[in-house]
Amino acid sequence: MHSTKQSTGQQTALLNKYWRVCGTGLSFAAFGAGGLAMRLAIFPLLNLMVRNEAQRVLWARRIIRLSFRAFVELMRVLGVLSYDITGLERLQRRGLLILANHPSLIDTVLLMAFVRQADCIVKGALWRNPFTRGPVRAAGYISNEDGPELVDDCIASLRSGGNLIIFPEGTRTPADGNMTFKRGAANVAVRGECAITPVIIRCTPGTLAKGNKWWKVPPTMAHFDIEIRQDIDIREVTGQAENPTLAARQLTYYLQNYFMKES
């Protein structure tokens, strides 16, 4: 009797896993199709209907946020993932510098689904990808190929009221959990003289991590805990720094330890 129940449980778990593989594939197929539809139809129509560039960017970001929200809800309904968000009210402001850890491929989508007027730094490859270049360009996101002007572009975005999302690691966290932060985010905070809104993302069990294929789903459904923390006043970290370079170095070290400890 016991072995029969155990066998039934194993079969149910296996079927659930296969379903989540299919659900993940369906979700990403929908994501790609949606991106292509926005590039070929929605954003060309937006360009014709909204002539003012600033208003067009606002509308483009709103469309992307709602599309990402639909994608997240699709994955939830299909049983691919579940999520909880705490401190969401802290994102209902403007001009935020939002820094987050990066355990999963879909962290950007999860955050941008809930952040109004979100801006972000995107890889140059996304500007050339047929599925993403239309939305990316319409929304006025910042290219990481901007070189020396990158920090200035980030500060300008914040001062115009955009909520800038940055993953200071620059890529997903490796399997061993060791984080290595780049100084770009700290440079933006120091030179822009702005506070940091930290976001801690935890994914249990891990999924879509660095080096993992999308079909390598975990044995049980992944659950994301997204915690928006109280702002960090960078002056408390960099107050004794003699120059911006040293301040950015100190802040990067502090942030790396902060996220390593909390995530």
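**Exercise 1.** Which residues of helix 7 (residues 184-192) are buried?

Solution. The model is predicted: local features need pLDDT of at least 70, side-chain atom pairs count only at pLDDT 80 or more, and totals for chains, interfaces and linings use all residues. Residues are numbered from 1 along each chain as its sequence is written, and side-chain values use heavy atoms, leaving out hydrogens and water.

Step 1: apply the cut-offs, where buried means under 20% relative accessible area, exposed over 50%, and partly exposed in between (1.4 Å probe, protein chains only). Helices are DSSP runs of H or I with at least four residues, strands are runs of E with at least two, and both are numbered from the N terminus.

Step 2: list the buried residues of helix 7, which are Ala185, Ala186, Val188, Ala189, Val190 and Gly192.

Step 3: name the cover. It includes strand 2 (97-100), helix 6 (150-159), strand 5 (163-166) and helix 9 (244-262).

Step 4: look past the helix. Glu193 follows helix 7 and has a positive phi, near 50°.

**Exercise 2.** Is Leu110 buried or exposed?

Step 1: read the relative accessibility of Leu110, which is 2%, so Leu110 counts as buried.

Step 2: find its contacts (heavy atoms within 4.5 Å). Not counting residues up to four places away in sequence, Leu110 touches Val72, Phe224 and Ile226.

**Exercise 3.** Is Leu15 buried or exposed?

Solution. Step 1: locate Leu15 in helix 1 (residues 2-49).

Step 1: Leu15 has a relative accessible area of 59%, so Leu15 is exposed.
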